[in-house]
Number of protein chains: 2
Amino acid sequence: MNEVKVFCPATIANISCGFDVLGVALDAVGDEMVVRKTKEKGIRITKIEGQDLPMQAEKNVAGVAGLAFLDASEYEGGFEIEINKKIKPGSGIGSSAASSAGAVWAMNHLLGSPFTPTKLVTFAMEGERLASEVAHADNVAPALFGNFTLIRSYTPLDIVPITAPQELYATVIHPQIEVKTSDSRKILRTTISMETAIKQWGNVGGLVAGLLKEDYELIGRSLVDHIVEPIRSILIPGFDQVKQASINAGALGCGISGSGPSIFAFSKGEKTAINIGNEMKRVYETIGIDYDIHVSKINQQGIKIL
Amino acid sequence: MNEVKVFCPATIANISCGFDVLGVALDAVGDEMVVRKTKEKGIRITKIEGQDLPMQAEKNVAGVAGLAFLDASEYEGGFEIEINKKIKPGSGIGSSAASSAGAVWAMNHLLGSPFTPTKLVTFAMEGERLASEVAHADNVAPALFGNFTLIRSYTPLDIVPITAPQELYATVIHPQIEVKTSDSRKILRTTISMETAIKQWGNVGGLVAGLLKEDYELIGRSLVDHIVEPIRSILIPGFDQVKQASINAGALGCGISGSGPSIFAFSKGEKTAINIGNEMKRVYETIGIDYDIHVSKINQQGIKIL
């Protein structure tokens with residue numbers, strides 16, 4: 001096989017209490033990429049549709065991830081990459097992660113899977129480093145593994161796959177405002193009270209248990225963030241109203257996706273997820289901010305061949 | 001039924017990363033109590049064996065927990081309590097919790113179970129308040145529910161039962177030195193770095209996932225405490241040697257039980273648990289400190305009728 005076309009899912013990271021450790025992959029929105037083996041060494045981005053992004057491999061997240069892959073590989077050739085960018089950069093649903101993860105997953109597939117998924121995460125993290133100066137794994141891991149993933153540790157990298165209950169849905173609204181990851185990181189505190197930290201890790205334990213025990217109510221009770229959301233939500237106009245409207249419409253919980261500005265809600269069943277979406281829309285229509293909305297089942301397999 | 005005799009398990013709280021939220025019940029060590037209905041109102045402690053503890057209900061943890069129970073109950077009579085104290089007070093394996101939990105569980109049983117287990121936890125917490133000035137739930141919850149429990153939240157009290165894998169064993173050594181819970185709380189920091197907190201909640205998520213997925217290796221990798229153990233272990237002579245010896249003998253992980261001085265190790269299978277016990281003993285024999293040792297399967301049901 002010399003060419004493969006893949007779907008690279010959008011992802012929600014920083015899931016409420018799970019700041020920097022918990023992410024989840026979506027099914028309804030993602031980039032499409034074509035990756036092709038070439039005799040010529042190196043990575044060439046040959047086509048980018050949907051967004052105006054750098055074509056030079058060293059300046060493109062998929063290119064940088066691909067170069068990290070090539071650097072570790074014994075393969076003597078190179079790859080061409082075409083990107084149909086369907087996830088808007090800066091939306092907070094893992095736009096850079098999808099392209100980075102998609103590139104290395106497709107390359108690995110074309111070479112007969114010499115690398116483990118965890119190793120692919122480390123290559124894709126180089127794309128994240130280019131995008132946000134931090135080589136975080138909480139978007140690329142769920143993009144590659146599917147479902148929920150827990151980054152238990154970075155040194156060494158330890159990724160724990162966590163299967164979502166079958167009826168869990170995500171609704172995500174992306175208000176068309178700009179919040180830079182680097183800015184939203186700067187406003188966070190570097191120390192927190194022990195008391196607050198204990199509450200947070202109680203909720204992380206509850207959320208992981210809720211997902212694995214398929215206890216929707218427990219998932220909902222655990223979707224609480226005492227640390228980051230109270231600060232970052234200030235940067236997102238309408239956040240409190242969207243959250244309240246989502247809960248009123250039956251959401252299990254609601255929080256900031258990644259570093260924002262997208263807002264996610266989880267729910268049991270598609271009907272509730274659609275209702276939540278309608279209520280979220282109403283908030284931004286009232287305020288007068290444009291938005292994209294995604295209603296999605298949890299992605300079970302990560303990147304997939306189209 | 002007018003009388004019941006119960007086994008009240010010892011418990012390990014503050015399980016490494018799970019400070020203040022995770023506890024587990026043991027099978028091999030616990031108090032025995034006889035609780036009897038009386039026409040006379042109030043609580044009378046009629047016999048205490050094994051330890052020299054207050055007989056006056058208001059000064060005894062089982063008495064105080066029992067009074068909280070009576071206060072909430074419509075029952076017009078009272079109870080007599082006999083305690084055969086097999087868990088040493090101050091050992092760090094939930095001595096006060098066992099008696100507090102045992103008293104209210106037995107009373108509830110004698111009255112046809114008018115209260116939920118969670119409600120019983122709130123009564124038993126009053127015994128904990130008497131013992132250590134803090135009404136913590138992380139020992140009384142596993143004593144009442146059995147297995148592992150996560151205290152997701154105190155307000156409202158939300159207890160998440162977490163079933164342990166069948167072959168999980170605990171080895172606990174109690175060096176005969178005194179560490180007061182109140183002292184060991186005072187030396188803790190009241191603020192922590194965000195970076196350390198993130199590592200800690202990554203491990204809490206990993207530990208909960210490891211238990212529910214029956215992934216012993218993941219349990220082991222997650223039994224890490226970046227916050228409390230480095231400080232409290234200073235109060236426990238031989239801690240580092242015991243930990244190293246346990247890991248060398250095949251322990252999945254090792255940490256401080258409660259606020260010490262007991263040290264626990266988890267392992268897969270009884271044989272490894274016994275070996276770990278032998279290596280732990282050797283450390284304290286070399287140092288010249290007396291000890292008690294317990295090798296125990298995880299308790300599956302909490303308090304049980306004898």
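## Packing and pairing exercises

In helix 9 of chain A, A:Gln241, A:Val242, A:Ala245, A:Ser246 and A:Asn248 meet A:Ile276, A:Glu279, A:Met280, A:Arg282 and A:Val283 of helix 10 of chain A. Residues count as in contact if their C-beta atoms, placed from the backbone, lie within 7 Å; helices (H or I, at least four residues) and strands (E, at least two) are DSSP runs, numbered from the N terminus.

The model is predicted: local features need pLDDT of at least 70 and side-chain atom pairs count only at pLDDT 80 or more, whereas totals for chains, interfaces and linings use all residues. Residues are numbered from 1 along each chain as its sequence is written, and chains are lettered from A and ligands numbered from 1 in the order in which they are written.

**Exercise 1.** Describe how helix 9 of chain A packs against helix 10 of chain A.

*Step 1.* Helix 9 (residues 239-248) and helix 10 (residues 270-287) of chain A pack at about 150 degrees, and their axes lie 9 Å apart. Axes are lines fitted to C-alpha atoms, for helices over the stretch in contact, and angles run from 0 to 180 degrees between N-to-C directions.

*Step 2.* Helix 9 of chain A is therefore roughly antiparallel to helix 10 of chain A (under 35 degrees is roughly parallel, over 145 roughly antiparallel, 65 to 115 roughly perpendicular, the rest oblique).

*Step 3.* The residues of this contact of helix 9 with helix 10 of chain A comprise 5 nonpolar, 3 polar and 2 charged. Ala, Val, Leu, Ile, Met, Phe, Trp, Tyr, Cys and Pro count as nonpolar, Asp, Glu, Lys and Arg as charged, and the others, Gly among them, as polar.

**Exercise 2.** Characterise the packing of helix 1 against helix 2 of chain A.

*Step 1.* The axes of helix 1 (residues 61-72) and helix 2 (residues 95-110) of chain A are 8 Å apart, at an angle of about 35 degrees.

*Step 2.* By class, the contact of helix 1 with helix 2 of chain A has 7 nonpolar, 5 polar and no charged residues.

**Exercise 3.** State what each chain gives to the contact of chain A with chain B, and which element of chain B gives the most.

*Step 1.* Chain A and chain B each give 34 residues.

*Step 2.* On the side of chain B that touches chain A, helix 6 of chain B gives the most, with 13 residues.

*Step 3.* That side of chain B divides into 18 nonpolar, 10 polar and 6 charged residues.

**Exercise 4.** Which residue of strand 8 of chain B is the bridge partner of A:Ile192?

*Step 1.* Strand 8 (residues 191-193) of chain A pairs with strand 8 of chain B in the antiparallel sense over 3 bridges (pairing requires at least two DSSP bridges between the strands).

*Step 2.* The bridge partner of A:Ile192 is B:Ile192.

Key. Two residues are in contact if their C-beta atoms, placed from the backbone, lie within 7 Å.
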